[in-house]
Amino acid sequence: MSASISAPIVPLEVLRTNECGCVAEIIASDEWTHRLGELGLREGVNVRMVRTGEPCILAVAGHRFTFRCDPSTMVLIKLTESTG
């Protein structure tokens, strides 16, 4: 019998510099979910934390953008291996 270990799911803001993951879920209003999707930040997309802080800098699909965490918008990330 093989044991399956699932990667942890954490809020985006706890990622460290160069830590990577896949967007597991976005909890936000429909308007914000749509806007984030337009920027490329949607479920199933891989992200990398370029710089932590407020705002942080994310790498998504070959692009970088700043993101300011907000209590009304939660982005949950399934951690993957960092790629330096």
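This is a predicted model: local features need pLDDT of at least 70, side-chain atom pairs count only at pLDDT 80 or more; totals for chains, interfaces and linings use all residues.

Trainee: In what order do the elements of the chain run?

Mentor: From the N terminus the order is β-β-α-β-β-β-β, that is, one helix and six strands. Helices (H or I, at least four residues) and strands (E, at least two) are DSSP runs, numbered from the N terminus.

Trainee: What percentage of the residues count as buried?

Mentor: Of the 84 residues, 36% count as buried. Buried means under 20% relative accessible area, exposed over 50%, and partly exposed in between, with a 1.4 Å probe and protein chains only.

Trainee: Which residues of the largest nonpolar core touch the most other members?

Mentor: They are L12, L15, L41, L58, F67 and V75, in a core of 19 residues. Such a core is a set of buried Ala, Val, Leu, Ile, Met, Phe, Trp, Tyr and Cys residues joined through side-chain atoms within 4.5 Å. Two or more residues come from each of β2 (20-27), β3 (46-51), β4 (56-60), β5 (63-67) and β6 (74-80).

Trainee: Let us take V75. Where is it placed?

Mentor: V75 is in strand β6 and is buried, because its relative accessibility is 1%. Beyond four places in sequence, V75 is in contact (heavy atoms within 4.5 Å) with residues including V10, V23, L41 and F67. E25 is 50 residues away in sequence, yet its C-alpha is 6.1 Å from that of V75.

Trainee: Changing topic, how many disulfides are there?

Mentor: The count is zero, where a disulfide is a pair of cysteine sulfur atoms within 2.5 Å. For C56, the nearest cysteine sulfur is that of C69, 5.2 Å away.

Trainee: Is C56 buried or exposed?

Mentor: C56 is buried, at 3% relative accessibility.

Trainee: And what is the volume of the largest pocket?

Mentor: About 180 Å³. A pocket is an open set of points on a 1 Å grid over the protein atoms alone, where a 1.4 Å probe fits, with protein on both sides within 12 Å along at least five of seven lines; lining residues have an atom within 4 Å of a point. The volume is the space filled by probe spheres set on the points, which are joined across faces, edges and corners.

Trainee: Which elements each supply at least two residues of that lining?

Mentor: α1 (30-38) and β5 do. Among the lining residues are W32, R35, F65 and D70.

Note on methods. Residues are numbered from 1 along each chain as its sequence is written. Side-chain values use heavy atoms; hydrogens and water are left out.
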